[in-house]
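This report is a guide for a reader who is meeting this structure for the first time.

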Amino acid sequence: METNRCFANRFDDYKGALLTGQGKEAVVPIVISTIEKIIKTVPIATDPSDCLDGGLYDGPAGVAYMLYYVSECPMFAPQRDNYLKTAKRIIDVYVRSVDAEPDKNMRAAFLLGGAGIYAVAAMVYKALGLADFVKPLTKFRNLWEVCAPLTFLECGSDELFVGRAGYLCGALVLKQNLGIEVLSPEQIKAICQAIIESGKQYARKKRKPFSLMYSYYGTEYLGAAHGLSSILQMLLSYSEFLPTGDRDLVWQSVDFLMNQEQNCNWPAELGAMIERENELVHWCHGAPGVAYLFAKAYLINKKPRYLDTCIRCGEMAWQKGLLKKGPGICHGVAGSAYVFLLLYRLTGNSKYIYRAQRFAEFLFSDEFRAGSCSVNSIYSLFEGLSGTVCFLVDLIQPEKSEFPLFSVFV
């Protein structure tokens, strides 16, 4: 049944054969032409005072990350230098803008602020062979002092976009791409300890019957964007730095979140009942984002229940993931399709590549073009075409695929 949030999925499911015409011969030219369109659209500032807000999420800085990501794929070797130089031109001015940012909390934000810009600058500079990559890397590292105190960010100090989970996520992305552990064990422990203590204090204050809970601007979100799932995912990613008691608390919280499932999906906030005709099936809120926490849990301890939960998330994405809110990865079709690439990496089952191919096909259909919402930042990484480009590149290298800036396999 078609709901107001998604198109009906009329595709036949996998019958044992992948789609023809969706290999690299078909996808590479589409990626190149889409990037040309993005570069024509993205506003490239020359003065820090002209920089747009939005960080990596929906600002031009996210385009720099996409160009870096595509340049790392061998299939785009002829375009590599050009893409990296364009990425550098975009990110340079944002680094200068962050350097001048008076709000140190905004500097420490990963997806919406300075930490993410420093991280991408370090990756772009290193890819270009510039020794200068150490400067943004050092600026990123020094931000740990901003987010380690418990008093950091009263609106919600622990979530992914502006909080501690995002900062830890940035360090993971840097480790994955540069092979460098940016933070010392002591710095990692301090930030993880702050996340745990913050969650305990909030749960006690609100008299929760469980040990760890968080809120963002007063809402107890569960999803990947601002909620419990990505906070727990980052704690699991650094679980070797946690004392045994805290590690147990994190695993209890993972199981608590698993129990909030309602028919293969999760409500946006704790205690809400999902209205089937209006449910959120997005990376930001719902199963397509929560899946990454359970993927991480499964990769660490191999308990089948975590993989089973991921598989149910994939079923929900197949049913309701052809979203009308555009092509992006946050609450668009590419974000749903990334769940299939995640499941392919976890299971090796080609059914998931087939499903991702179907969603890619839909992105270029007349039905999608006519019926999807227009997006303000059509060039952007999370809401627009830059995230779609990352997905298309991952579709032709599924064994390396990973949701942008959200490392699970490190």
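Predicted model: local features only at pLDDT ≥ 70, side-chain atom pairs only at ≥ 80, totals over all residues.

A polar atom of the Ser-229 side chain lies 3.3 Å from the backbone nitrogen of Ala-224. When its neighbours within four places in sequence are left aside, Ser-229 is in contact with Leu-222, Gly-223 and Ala-224, and also with Leu-257, Val-290 and Leu-293.

Two packed helices are described by the angle between their axes and the distance between the axes. For α11 and helix α12, which spans residues 244–258, the angle is about 145 degrees and the axes are 10 Å apart, while the crossing of α11 past α12 is left-handed. Ser-229 takes part in this meeting from the α11 side, together with Leu-228, Leu-232, Leu-235 and Leu-236, and the residues they meet in α12 are Val-250, Trp-251, Ser-253, Val-254, Phe-256 and Leu-257.

## The recorded binding site

An unreviewed UniProt entry lists Cys-284, Cys-330 and His-331 under "binding site". These residues are spread over 48 residues of sequence, yet they cluster in space, with a largest C-alpha distance of 6.4 Å.

Cys-330 is placed in the loop between α14 (304–320) and α15 (333–347), and His-331 is found in the loop between α14 and α15 as well. Cys-330 is buried at 2% relative accessibility, and His-331 is also buried, with a relative accessible area of 12%. Leaving aside neighbours within four places in sequence, Cys-330 is in contact with Tyr-57, His-282, Trp-283, Cys-284 and Phe-382. With residues up to four places away in sequence likewise not counted, His-331 touches Tyr-57, His-282, Cys-284, Leu-323, Lys-325 and Glu-383.

## Gly-321 in the loop between α14 and α15

The loop between α14 and α15 also holds Gly-321, which is buried with a relative accessible area of 0%. Apart from its neighbours within four places in sequence, Gly-321 is in contact with Met-316, Val-333, Ser-336 and Phe-359. Gly-321 and Ala-8 are 313 residues apart in sequence, although their C-alpha atoms are 9.0 Å apart in space.

Helix α3, made of residues 60–71, packs with α6 at an angle of about 35 degrees, and their axes are 10 Å apart. On the α3 side the contact is made by Ala-61, Ala-64, Tyr-65 and Tyr-68, and on the α6 side by Ile-117, Val-120, Met-123, Val-124 and Ala-127. The crossing of α3 past α6 is left-handed.

In helix α7, which covers residues 134–142, Pro-136, Leu-137 and Phe-140 are buried. These three lie on the same side of α7, because they cover an arc of only 105 degrees around the axis. An α-helix has 3.6 residues a turn, so residues three or four places apart point the same way. What covers the buried residues of α7 includes α6 (114–127), α8 (144–147) and α9 (164–178).

## The covered helix α18

Helix α18 is mostly covered, since 11 of its 11 residues are buried. Among them are Leu-385, Ser-386, Cys-390, Phe-391, Asp-394 and Leu-395. The buried residues of α18 pack against α1 (24–41), α3, α15 and α16 (351–363).

## Two leucines with positive phi

Which value does phi take in Leu-153? It is near 50 degrees, a positive value in a residue other than glycine. Leu-153 is placed in the loop between α8 and α9, and at 15% relative accessibility it counts as buried.

Leu-405 also has a positive phi, near 60 degrees, and is a residue other than glycine. Leu-405 is found in the segment after α18 (385–395), where it is buried with a relative accessible area of 5%.

Note on methods:
Residues numbered from 1 in each chain as written. Heavy atoms only, no water. Buried < 20%, exposed > 50% of the residue type's maximum accessible area, 1.4 Å probe, protein only. Helix = DSSP H or I, 4+ residues; strand = E, 2+ residues; numbered from the N terminus. Arc of directions from axis to C-beta. Contact = heavy atoms within 4.5 Å. Polar contact = N/O pair within 3.5 Å; in protein donor to acceptor, adjacent residues only side chain to side chain. UniProt positions renumbered as here; feature names shortened; annotations may be inferred. Axes fitted to C-alpha atoms, helices over the stretch in contact; angles between N-to-C directions. Left-handed = near helix turned anticlockwise from the far one by under 90°.
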